[in-house]
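Me: Could you take me through this protein step by step? I would like to begin with the whole chain and then turn to particular residues.
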Amino acid sequence: MWILLTLLAAFMQAWRNAFQSQLSKEVSVAGVTLARFIWAGPIAAVYLVGLYLWQDVGIPDFSGRFIGFILGASAMQILATGLMVKLFKLQNFAIGAGLAKSEAVVAAILGTVFFGTHLSPLGWSGVLLGGVAIFLLSAKQGLRSLSLNTVLIGLACGTSFALTSLWVREASLCLNIGFPHSAAWVLLFVISLQTLVLVSYLLLKDKSTLAALWRRPKLTLLTSTASCLGSIGWFSAMSLQAVPYVKTLGQVEVFFMILIASFWLKEKVKIKDMLGLVLIAIAAILVMWE
């Protein structure tokens with residue numbers, strides 16, 4: 001189940017990144033970040049209601065610990081999304097989004113040190129191999145010409161996404177209702193808080209960005225829908241399996257991004273990047289085998 005949910009998440013996230021890449025050409029970083037959340041809240045609410053119509057498990061206990069993880073995850077995901085938009089401006093779509101996938105290695109390290117995550121030697125092999133693949137994908141003209149600025153932003157983005165994922169899993173484990181309802185509650189809380197924060201900020205500081213999103217309803221709706229469906233997959237998978245395994249398998253998203261970049265965005269992908277893709281495939285096989 002966690003494998004299927006992760007593949008769904010990776011596929012939808014690739015499309016969300018493509019839509020955000022298109023929006024970033026016309027809208028500010030804050031606006032592109034908001035596009036990820038603005039229509040996702042209602043979709044998440046409908047999903048949660050649907051789960052309760054299927055199986056009523058009662059209302060969970062929202063402890064202070066749960067709220068703390070929700071606040072942390074919400075803030076980190078906003079930061080991570082903003083950094084990813086910056087990556088789109090430094091690299092082409094496929095490589096820029098690929099840099100953010102360093103989150104799997106970061107999640108493995110932080111999870112082991114702070115969250116009691118246990119990985120087997122085979123699992124560590126998959127995670128680290130995926131990290132090497134991302135390192136290769138971050139080069140513009142080969143390893144000797146790595147852009148330090150791009151790599152640092154990519155690592156910061158990956159770290160922010162890793163913290164988001166770890167805190168989302170912890171929040172889900174805090175609830176006493178089990179899968180999939182716990183993941184759906186976390187999703188609704190996170191998205192609602194993020195939307196409230198970003199809309200409030202833009203109303204106070206940059207109303208023109210809200211107007212820009214309003215003038216692009218189709219692309220904004222597509223971004224939110226893909227984001228919410230992807231988040232349903234991520235949040236559900238992470239409530240079932242350790243974050244490093246989920247995020248390492250989720251690196252297959254790069255395959256989807258290459259296809260989207262080549263056939264929809266008409267971007268050229270270098271032959272050199274194929275080696276990174278092969279390594280990502282091997283890493284995914286290792287964590288699924290584990």
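Me: What percentage of the residues count as buried?
Reply: The model is a predicted one, and in it 56% of the 290 residues of the protein count as buried.

Me: And how much accessible surface does the protein have?
Reply: The accessible surface comes to about 12,400 Å². Carbon and sulfur atoms account for 71% of that area.

Me: How many helices and strands are there?
Reply: There are 14 helices and zero strands.

Me: Next topic. How many salt bridges does a search of the whole structure find?
Reply: The search finds two salt bridges. Glu26 forms one with Arg216, and the closest N and O atoms of this pair are 2.5 Å apart.

Me: Where do Glu26 and Arg216 lie?
Reply: Glu26 is in the loop between helix 1 and helix 2 (29–35), while Arg216 is in the loop between helix 10 and helix 11 (217–240). The pair therefore ties together parts that are 190 residues apart in sequence.

Me: Which residue forms a salt bridge with Glu170?
Reply: That residue is Arg65, with the closest N and O atoms 3.8 Å apart. Glu170 belongs to helix 8 (residues 148–174) and Arg65 to helix 4 (residues 64–90), so this pair ties together parts that are 105 residues apart in sequence.

Me: Is Glu170 buried or exposed?
Reply: Glu170 is buried, because its relative accessible area is 14%, and buried means under 20%.

Me: Then what about Arg65, buried or exposed?
Reply: Arg65 counts as exposed, because its relative accessibility is 52% and the cut-off for exposed is over 50%.

Me: Let me turn to helix packing. How do the axes of helix 9 and helix 10 cross?
Reply: The axes of helix 9 (residues 181–205) and helix 10 (residues 207–214) cross at roughly 115° and come within 6 Å.

Me: Which residues make that contact?
Reply: Helix 9 contributes Leu202, Leu203 and Lys205, and helix 10 contributes Lys207, Thr209 and Leu210. By class, the contact has three nonpolar, one polar and two charged residues.

Me: One last topic, the surface. Which residues make the nonpolar patch of about 300 Å²?
Reply: Met1, Phe179 and Leu240 make that surface patch.

Me: Where does Met1 lie, and why does it count as exposed?
Reply: Met1 lies in the segment before helix 1 (2–23). Met1 counts as exposed because its relative accessibility is 61%, and exposed means over 50%.

Terms used. Residues are numbered from 1 along each chain as its sequence is written. This is a predicted model: local features need pLDDT of at least 70, side-chain atom pairs count only at pLDDT 80 or more; totals for chains, interfaces and linings use all residues. Side-chain values use heavy atoms; hydrogens and water are left out. Patches are made of residues with over 30% relative accessible area and no salt bridge: like charges are joined within 9 Å, nonpolar side chains (Val, Leu, Ile, Met, Phe, Trp, Tyr) within 5 Å. Accessible areas come from the Shrake-Rupley method with a 1.4 Å probe; for residues, only the protein chains shown count as cover. A salt bridge is a side-chain nitrogen of Lys or Arg within 4 Å of a carboxyl oxygen of Asp or Glu. Helices (H or I, at least four residues) and strands (E, at least two) are DSSP runs, numbered from the N terminus. Buried means under 20% relative accessible area, exposed over 50%, partly exposed in between (1.4 Å probe, protein chains only). Axes are lines fitted to C-alpha atoms, for helices over the stretch in contact, and angles run from 0 to 180 degrees between N-to-C directions. Contact means heavy atoms within 4.5 Å. Ala, Val, Leu, Ile, Met, Phe, Trp, Tyr, Cys and Pro count as nonpolar, Asp, Glu, Lys and Arg as charged, and the others, Gly among them, as polar.
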